Amino acid sequence: MSDKAFTITSMVLFSGEMKDDKDQLTFVLKGGMEDERFVTQAALHVQRPVYQTEELNEVTTYQYRTPDLRRTVQKKFASCKAKSCIFNTVPILKWLPRYNWRKNIAGDLASGLTIAIMHIPQGMAYALLGNLPPITGLYMAFFPVLVYVLFGTSRHVSMGTFAVVCLMTGKVVSEYSNDGTSANATDFNEDFYYTPMQVATTVTFTVAAFQMLMYIFRLGIVTTLLSETLVNAFTCASAFHVATSQLKDLFGLVLPKRKGIFALVFTIYDVARSLPDAKVAAIVISCVFITVMVINNEILKPLLAKKTKIPFPIELAAVVIGTGLSYGFHMKENYGLNVVGNVPTGLPLPDLPSISLVPTIAMEAFIITMVSYTITMSMALIVAQKARYEVDANQELLALSFSNFFGSFFSCMPITASLSRTMIQQTVGGVTQLASVVSCVIILAVLLWIGPVFESLPRCVLASIIVVALKSMLIQFVSLKKYWALSKWDATVWIVTFFTTTIISIDYGLLAGILISLFSIFIQAQKPYSCLLGVVPNTDLYLDVKHYKGIQEMSGIKIFHYSGSLNFASNGAFKSMLFKRTGFDPMKLLTAKKKDLELTQDSLTRSEGEELLTRCIILDFAALTYIDPSGVETLRSLIEQYRQIDVAMYICSCSESVFETLKKCDSYDGKSCRFVIFPTIHDAVLFSQSCSKQKDGCNT
């Protein structure tokens, strides 16, 4: 162990005699304890040897990591017990026996009733986005929701229909189905005939398969590719697609289905061209219902919220009133309005998805999987944070997988958590997923007996409900201002995602958003932060010399702080920053030396002349996140280059993983150039100063 030692004396707390922060700073810079005006409440005094990291590891008996796959697997399986595995896989077995019926049942009943009332109009409306019968939305509010209650870990999310996911499913249905009304519907393969329901259930089945694979391989982290900025832009742009798709029903038009890229642009063109054929009755009904619902949401709802947590069911009221008006005035016959049509009673018979279609729609299903899971987890984490409980991301994958798998046999599209219903479920007083069970019971009653009542409901009423519900997503456009102010890269991701999704298509928009996000991460990673450090007088504190004017640079020592990773992609940037900060390139000096060029003051640049005084470079790796073998080789090369011009290079403050990588590469490659590593900057500085004084070749 080294016999060199150092002493640190610094002030931690100060008495009330100090007037402000400037006095405290002056006190430290002038030597602190020598000034009798200041009385310290606490002081720090340390005296210990100067350690190299290896010496410190020996003293503290450091245990090097020894990866052992066999031992890791055995330990993992040893910790798994049948009872705990069952309880973790089926969470309802844990929380239901502990359920406080007296305290929580009232809130769950009220919440379940409210959510069921919201499910009816939203389910019927969003089913139309999927190009499916309105009853499909009620199936989605019943079958998969019951399964989620068994396996889900979120207590408050309301599963079922969601506008963006239903729209994405509807595009797949429109592209690959033949509803009997189009002469060229199955242009992708004329040998097969798929109904819209078959395509939709196959999408649901494929989504369930992807979710199960993600659960098995613990790939819930994949959704981190969808950042908050990307999801914000994507859902906002998708809301414009949803709103545009409802224009035909709002105006009572009959338009051709647009597919592929630029579908939104072509749809707007078709609507503008067909406006002379718009039905006055549809326009009047749409305007009235939209106006009433907006007034309720913006004026009456906040007033009502002060008196009760249960909101007025304006959507259900719109459905009931619209159905009554249509039935009483025979609007389909007298005004030519499009109505919902046949609404069957009872539960659907189970039917197998079309497995032969799975390879064809796999890519679209994967995109829906990513979007669905990301939105669900976002909502689950938000409400869990408010209620202070944990949500298991991988268990949510299992719950969604089982829910969609079961729903694919009962005429369901992929389910997702709904923003509006989830917030209402928590606000009204819902405590557990028993609220969803209550909702399912009410939906079951609608499916068995009440469904046919809505057969005369005008589709323009459902379109009005959809457009009004999209308000929160449409106004997300204003968030671009926030992203632009906080980060230009985030703003770029938002702009690219939004306009690609809006103008080109949803699929390409999501892909473009992911690519630009990864590109921004890569570019920012290639521009790590670096600076030179100086010492605060009479302390062991080292700060950025550029931003802290009251510190001093060490004579003959350059302390280079680097924040980022050091790998094959960032090696060049690291060397460029090092040479720029220290002021000279050792290779240039070596080249000049080999050519026997006379280094005089006239032939040197100012920085080179100054930096010949540098005898040590200390690399502060406290913020180095990762180093690979290529980065290690770069350090070896730099150490050798600096050694040839009599400049020592030391490493300090690196993490355990970085330290072990350095030692492992040294040991494996058998290199003679061993790294000199210190636990702190101050150890390295004192060691360098001691070597400089002794002049005994400590550099080697």
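A salt bridge is a side-chain nitrogen of Lys or Arg within 4 Å of a carboxyl oxygen of Asp or Glu; the legends below apply this rule, among others, to a predicted model.

**View 1. A salt bridge between D249 and K248.** The closest N and O atoms of D249 and K248 are 3.6 Å apart, so the pair falls within the 4 Å limit. D249 is buried, with a relative accessible area of 7%, whereas K248 is partly exposed at 29%. Salt bridges that share partners also bring in R459, which joins K248 and D249 in one network. By this rule, the count for the structure comes to eleven salt bridges.

**View 2. A salt bridge between E298 and K471.** Here the closest N and O atoms are 2.7 Å apart.

View 3. R636 counts as buried, at 5% relative accessibility, while E633 counts as partly exposed, at 38%.

**View 4. Aromatic rings of Y99 and W101.** A search of the whole structure finds 24 aromatic pairs. In the pair shown, the ring centres of Y99 and W101 lie 4.8 Å apart and the planes meet at 75 degrees, so the arrangement is edge-to-face. Y99 is buried, with a relative accessible area of 7%, but W101 is partly exposed, at 49%. Elsewhere, ring pairs link Y139, F142, F143, F406 and F410 into a cluster.

**View 5. Arginines over tyrosine rings.** R155 lies over the face of Y389, at 4.2 Å from the ring centre. In another such arrangement, the charged end of R218 sits over the ring of Y215, 4.8 Å from its centre.

**View 6. Strand 7 and its two partners, strand 5 and strand 8.** Strand 7 (residues 557–566) is mostly covered, with nine of its ten residues buried. With strand 5 (residues 529–535) the pairing is antiparallel, over five bridges, and C531 stands opposite H561 in strand 7. With strand 8 (residues 616–627) the pairing is parallel, over nine bridges, and the bridge partner of F560 in strand 8 is L619.

Conventions. Residues numbered from 1 in each chain as written. Predicted model: local features only at pLDDT ≥ 70, side-chain atom pairs only at ≥ 80, totals over all residues. Heavy atoms only, no water. Buried < 20%, exposed > 50% of the residue type's maximum accessible area, 1.4 Å probe, protein only. Helix = DSSP H or I, 4+ residues; strand = E, 2+ residues; numbered from the N terminus. Pairing = 2+ DSSP bridges. Phe/Tyr/Trp six-rings, centres within 6.5 Å; stacked < 30°, edge-to-face > 60°. Lys NZ or Arg CZ within 6 Å of the ring centre and 35° of its normal.
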